[in-house]
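Subject: Structure handover

Hello,

Here is the structure we talked about. My notes on it follow below.

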Amino acid sequence: MKNIKAIIFDAYGTLFDVNSAAEKCKDKIGAKWEGFANFWRTTQLEYTWLRSLMGRHKDFWQITEDSLDKSMKTFDIDSSMKSELLNLYKVLSPFKEVPETLKKLKEKNFKLAILSNGTPSLLKELVESNNLDNLFDDLFSIEEVGIYKPDSKVYELPIKKYKIKSNEITFLSANTWDVSGGGNYGYHSIWVNRNNNIFDNLDYKPKNQVKNLSELVNLI
């Protein structure tokens with residue numbers, strides 16, 4: 001990869017494990033915790049897309065709470081756990097290789113940023129709670145444009161800030177629709193395929209995929 005000036009990461013599912021909130025409560029939730037966690041995440045994403053299409057924007061924290069309400073009812077989880085799950089979502093755990101990988105990339109003098117559906121306050125708390133705040137130049141939130149990924153206005157945010165071309169950005173996401181959104185915009189998008197999944201047919205095929213972020217260091 002030549003002429004890369006910035007490395008941009010999706011946050012949820014790419015840097016931070018979206019299932020870690022429910023996993024920390026698995027003793028209370030029981031064996032269904034993983035199915036519940038996956039359903040919560042899927043519903044959360046569906047709400048972002050549907051609200052974008054309907055022009056009925058709510059910020060990501062409100063959507064996270066709305067999708068949790070549905071998920072808890074679907075999996076018959078005691079409503080008294082709602083506050084605990086929401087508080088844990090604010091401080092999701094990073095995947096184990098993330099801190100060291102970010103440090104190595106920072107040493108190579110790339111601009112490092114997050115581009116996320118999360119609100120500015122959510123992203124700030126997420127990186128600070130995991131002691132990663134000193135590694136990022138910027139935390140870009142879709143709240144700046146008021147519509148969710150994969151709308152092109154979102155992918156334009158780093159371009160405007162850094163005054164660089166889209167092909168000078170390497171973008172990483174674990175979500176195939178996000179990889180395609182960035183790739184169709186013009187980013188060099190890389191798929192973080194942790195679970196050996198199949199890529200979606202959305203008019204973009206990434207030239208590179210990695211099993212975890214540590215493999216990125218050898219690609220750059």
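Which residue forms a salt bridge with Lys28? Glu84 does, and the closest N and O atoms are 2.8 Å apart. The pair links distant parts of the chain: Glu84 is in helix H5 (residues 82–89) and Lys28 in helix H2 (residues 26–29), 56 residues apart. Glu84 is partly exposed at 29% relative accessible area. Lys28 counts as exposed at 56%.

Ground rules. This is a predicted model: local features need pLDDT of at least 70, side-chain atom pairs count only at pLDDT 80 or more, and totals for chains, interfaces and linings use all residues. Residues are numbered from 1 along each chain as its sequence is written, and side-chain values use heavy atoms, with hydrogens and water left out.

Cut-offs:
- Salt bridge: a side-chain nitrogen of Lys or Arg within 4 Å of a carboxyl oxygen of Asp or Glu.
- Buried is under 20% relative accessible area, exposed over 50%, partly exposed in between (1.4 Å probe, protein chains only).
- Helices (H or I, at least four residues) and strands (E, at least two) are DSSP runs, numbered from the N terminus.

Salt bridges. The structure holds twelve. One of them pairs Lys149 with Asp10, with the closest N and O atoms 3.1 Å apart. Lys149 lies in the loop between S3 and H8, and Asp10 in the loop between S1 and helix H1 (20–23), so the pair ties together parts 139 residues apart in sequence. Both ends are buried: Lys149 has a relative accessible area of 1%, Asp10 one of 5%. Asp151 also forms a salt bridge with Lys153, at 3.6 Å between the closest N and O atoms. Asp151 is partly exposed at 22%, and Lys153 is partly exposed at 43%. Through shared partners, salt bridges join Asp10, Lys149 and Asp178 into one network.

Helix H8 (residues 152–162). Asp151 caps its N-terminal end, with a side-chain oxygen 2.9 Å from the backbone nitrogen of Lys153. Buried residues in H8 include Val154, Leu157 and Tyr162. After H8 comes Lys163, whose phi is positive, near 55°.

Largest pocket. What lines it? The lining has 25 residues, of which Asn38, Ala174, Asn175, Asn195 and Asn197 lie nearest the centre. Helix H3 (33–54) gives the largest share, eight residues. A pocket here is an open set of points on a 1 Å grid over the protein atoms alone, where a 1.4 Å probe fits, with protein on both sides within 12 Å along at least five of seven lines; lining residues have an atom within 4 Å of a point.

Best wishes

Conventions. A polar contact is a pair of N or O atoms within 3.5 Å; within protein, one must be able to donate a hydrogen and the other to accept it, and residues adjacent in sequence count only if both atoms are side-chain atoms.
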